[in-house]
Amino acid sequence: MFFALQKVQCATSAGVLARIKNAFQDHNIDALKEQTVGLGADGAAVSFGVRGGVATLMKMQDGIDWLIPVHCVSHRLEISIADALKSTVFSEMDEMLVKIY
């Protein structure tokens, strides 16, 4: 389930976490720690970095020790398919469609 769409002003883990907290406040939910179980995102370091990713900050700074970070299944599938189709006609078609779009 997606909770909210927020425009991120600063694409750092601190900036992303600030927007997550703002989304909770915008929906009158004061208990980030009590209401959060998991975090789904792409596999970028800003999301899951061991030293300073959003998931790490939520665990360390906000005390959400039980947080379950999940790499988005759809994103992983897209990466897998793109990797499997490298150097094929499908790769060329994908590149062409991206350029058109």
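**A friendly note on this predicted model**

1. To start with the surface: the chain has an accessible surface of about 7700 Å², and carbon and sulfur atoms account for 60% of that area. Please keep in mind that this is a predicted model.

2. Next, the overall dimensions. Taken along the principal axes, the box filled by the C-alpha atoms of the chain is roughly 50 × 25 × 25 Å. The radius of gyration of the chain is 17 Å, whereas a compact globule of 101 residues would come near 13 Å.

3. How much of the chain is buried? Of its 101 residues, 22% are buried, which here means under 20% relative accessible area.

4. Contacts are worth a look too. Taking those between residues at least 6 apart in sequence, 48% join residues that are at least 24 apart.

5. Leu77, Ile81, Leu85, Val89, Phe90 and Met93 together make a nonpolar surface patch of about 540 Å². Two elements, α5 (73–84) and α6 (89–100), each give two or more residues to this patch.

6. Which element gives the largest share of the nonpolar patch? That is α6, with 3 residues.

Note on methods: Residues numbered from 1 in each chain as written. Predicted model: local features only at pLDDT ≥ 70, side-chain atom pairs only at ≥ 80, totals over all residues. Heavy atoms only, no water. Patch = residues over 30% accessible without salt bridge, like charges linked within 9 Å, V, L, I, M, F, W, Y side chains within 5 Å. Areas by Shrake-Rupley, 256 points an atom, 1.4 Å probe, with all protein chains shown as cover. Salt bridge = Lys/Arg side-chain N within 4 Å of Asp/Glu carboxyl O. Helix = DSSP H or I, 4+ residues; strand = E, 2+ residues; numbered from the N terminus. Rg over C-alpha atoms; globule rule 2.2 N^0.38 Å. Buried < 20%, exposed > 50% of the residue type's maximum accessible area, 1.4 Å probe, protein only. Contact = heavy atoms within 4.5 Å.
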